[in-house]
Amino acid sequence: MKNSSVKIRDYRTQFIQELTPIYDAGEAESFFYLIAEEKHQLKRIDLALHPDLVFSETERVVWNSILAQLKQEIPIQYLLGKTSFYGLDFEVNENVLIPRPETEELVAWIIRNNLKIEKFKDLKILDIGTGSGCIAVSLAKHIPNAQVFAIDVSEKALATAHNNAHNNAVNITFIKQNILEVVSLSAVEGLDPQFDVIVSNPPYVRNLEKEEIKKNVLDYEPHLALFVEDNDALIFYKKIAKLAQKNLLPNGKLYFEINQYLGKEMVDLLEKMNFKNIELRKDIYGNDRMIKGEISN
């Protein structure tokens, strides 16, 4: 019987060639090594040191299936079922957004601003619209004394977030709730009445911006967590800021990830609601991406 195994280095060449009409070569190559490490525990150096390693026919069938899905622009994070965020591993699936590098910057900002406070008291943090739990879990991991609560409207997203908290050995109180229906956070069962920090990365992409969204996001990531109506793009921000007015402790801080085109509108919104020390920040790509406001004493 003919041996149908193939050298991994030869398959790698084919893999990259087949993906380059859709992705650039560097990205296609990074996909190859991500899959090799996840499926076979093979790092780039292993393949360089052992150029004659082969895929069996069975292994090649698996790789061909992944390759076909990548050609459909299904995100590789969903295919692998995991991603990395702020140095931690997170389970991801079609029920949650894939965490972005820009959101890591938001997490880093919160940690830097609050570590000093953490030394003196237990910090109470609320993450609204937690999704995969990437913000809540990262904050719980890096601000050890924090009590972290997280809300989401999606039961399936919360199940994923639960897993991520467990896998990263942090304790978070998760609550299913549609934030737009909440009159006061104090009335939400299981939720602490007041917080030092409230953070949210809510849906903020307007329908008019859909043409800017890549196919891998538009076709596969949950629209519930992405889009808002053009005529009420700040609906979540208005609601959460209003709740924060009542439920932030004196000198408490409100943090948002925002639509890059609505930075000025967000500053205006927080100013009108009497937040102080408002700070708008750009992300690594130079876009207005995050904002902080503090509650008055």
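Figure 1. Among contacts in the protein with a separation of 6 or more, 64% join residues 24 or more positions apart. The structure shown is a predicted model. The protein contains eleven helices and 13 strands, and its C-alpha atoms fill a box of roughly 80 × 40 × 30 Å along the principal axes. Of its 297 residues, 47% count as buried.

**Figure 2. Close-up of the largest nonpolar core.** In soluble globular proteins, nonpolar side chains tend to be buried together. The largest nonpolar core of this model has 38 residues, and Ile198 and Leu254 are those with the most contacts inside it. At least two residues of this core are supplied by each of strand 5 (124–128), strand 6 (147–152), strand 8 (195–200), strand 10 (227–228), helix 10 (235–247), strand 11 (248–257) and helix 11 (263–272). Helix 10 provides the largest share, six residues.

Figure 3. With neighbours within four places in sequence left aside, Leu254 is in contact with Ile198, Ile240, Ala241, Ala244, Leu248, Leu270, Phe275, Ile291, Lys292 and Gly293. A second, separate core has 30 residues, among them Val107, Ile111, Ala150 and Met290.

Figure 4. Ser138 lies in helix 7, which spans residues 134–142. The relative accessible area of Ser138 is 0%, so this residue counts as buried, the cut-off being under 20%. Not counting residues up to four places away in sequence, Ser138 touches Phe85, Tyr86, Leu88, Phe90, Val107, Ile111 and Gly133.

**Figure 5. Packing of helix 1 against helix 2.** Two packed helices are described by the angle between their axes and the distance between the axes. For helix 1 (residues 8–19) and helix 2 (residues 25–40), the axes come within 9 Å and cross at roughly 135 degrees. The two helices are therefore oblique to each other, since an angle over 145 degrees would be needed to count as roughly antiparallel. Helix 1 passes helix 2 in a right-handed crossing.

**Figure 6. Residues at the contact of helix 1 with helix 2.** From helix 1, Ile8, Tyr11, Arg12, Phe15, Ile16 and Leu19 take part; these meet Ala25, Ala28, Glu29, Phe31, Phe32, Tyr33 and Ile35 in helix 2. By class, this contact has eleven nonpolar and two charged residues, with no polar residues.

Note on methods: Residues numbered from 1 in each chain as written. Predicted model: local features only at pLDDT ≥ 70, side-chain atom pairs only at ≥ 80, totals over all residues. Heavy atoms only, no water. Axes fitted to C-alpha atoms, helices over the stretch in contact; angles between N-to-C directions. Helix = DSSP H or I, 4+ residues; strand = E, 2+ residues; numbered from the N terminus. Parallel < 35°, antiparallel > 145°, perpendicular 65-115°, else oblique. Left-handed = near helix turned anticlockwise from the far one by under 90°. Contact = heavy atoms within 4.5 Å. Nonpolar A, V, L, I, M, F, W, Y, C, P; charged D, E, K, R; others polar. Core = buried A, V, L, I, M, F, W, Y, C linked by side-chain atoms within 4.5 Å. Buried < 20%, exposed > 50% of the residue type's maximum accessible area, 1.4 Å probe, protein only.
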